[in-house]
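Colleague: I have a new model open on my screen and would enjoy a guided look. Could you take my questions one by one?

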Amino acid sequence: YGMIKDILTKKKVSLKAGIKYGREYFWKIIGMRILVFLIALIALLVALVLFKIFSGLSLGGVGVFIILILLVPFLVILYWALMFRYAVLFFTKSGAYNSIKASYGYYKKNKKHVFKVFLIIFVVNIVLNLIFSFDANIIFAFLSFILIFVLRLWNTLFLFNSYNIKKLKSN
């Protein structure tokens, strides 16, 4: 992520800088992944408690449907709120908790922008996966692997760049 930030800010990209970023951000990224896992775990536990409550009320399938109606929008909003967490981490040089908090704040202030970025990434991923979803032989499997690598790199570049451009315009 640090090297992507360097590319976007037109700094020199080197393996030495990448190793430096790795040392500097390793524990921050681990901390962020743990925090995101805990957030998802709490959402799952709340869903399980609600499921238990609704199943005790003999609502059956209606209870599961109500939980899904509540859970799916929450998870989508959670995903959008956390979508820029790594960009925030590397551009602001803050810690895991503050990056998550700032990513959520960025989502609250820029909902249209976040949705547009999500939609672009989603459509590009769907289209390219449909085009390259055939594994007829080893050559196509290798090309699929390369495509996934390039697609993830593009996703990250696009996210970081859209965050950086939007932040520069607002300053």
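Predicted model: local features only at pLDDT ≥ 70, side-chain atom pairs only at ≥ 80, totals over all residues.

Colleague: Which elements give two or more residues to the positive patch on the surface?

Modeller: The patch gathers Lys112, Lys116, Lys166 and Lys169. Patch residues have over 30% relative accessible area and no salt bridge, and like charges are joined within 9 Å (nonpolar side chains of Val, Leu, Ile, Met, Phe, Trp and Tyr within 5 Å). Lys and Arg count as positive, Asp and Glu as negative, with His and the chain ends not counted; a salt bridge is a side-chain nitrogen of Lys or Arg within 4 Å of a carboxyl oxygen of Asp or Glu. The contributing elements are helix H6 (111–131) and helix H7 (138–170).

Colleague: Is Lys166 buried, partly exposed or exposed?

Modeller: Lys166 lies in helix H7, where a helix is a DSSP run (H or I) of at least four residues, numbered from the N terminus. Buried means under 20% relative accessible area, exposed over 50%, and partly exposed in between (1.4 Å probe, protein chains only). At a relative accessible area of 31%, Lys166 is partly exposed.

Colleague: How are the rings of Trp154 and Phe158 arranged?

Modeller: Both residues lie in helix H7, four residues apart, about one turn of the helix. Rings of Phe, Tyr and Trp (its six-membered ring) pair if their centres lie within 6.5 Å; planes under 30 degrees apart count as stacked, over 60 as edge-to-face and the rest as tilted. Here the centres are 5.0 Å apart and the planes are at 15°, so the pair is stacked.

Colleague: How many aromatic pairs does the structure hold?

Modeller: Ring pairs link Tyr79, Trp80, Phe115, Phe118 and Phe122 into a cluster. For the structure, the number of aromatic pairs is 14.

Colleague: How far apart in space are Ile120 and Asn155?

Modeller: Ile120 lies in helix H6 and is partly exposed, with a relative accessible area of 38%. Ile120 and Asn155 are 35 residues apart in sequence. From C-alpha to C-alpha, their distance is 9.5 Å.

Colleague: And what separates the C-alpha atoms of Gly63 and Ala17?

Modeller: Gly63 is found in helix H3 (residues 61–82) and counts as buried at 1% relative accessibility. Along the chain, Gly63 and Ala17 are 46 residues apart. Their C-alpha atoms are separated by 53 Å.

Colleague: Which residue has a positive phi, near 60°, without being glycine?

Modeller: The place to look is the loop between helix H4 (85–92) and helix H5 (96–109). The residue there with phi near 60° is Lys93.

Definitions and conventions:
Residues numbered from 1 in each chain as written. Heavy atoms only, no water. Areas by Shrake-Rupley, 256 points an atom, 1.4 Å probe, with all protein chains shown as cover. Charge placed at Lys NZ, Arg CZ, Asp CG, Glu CD.
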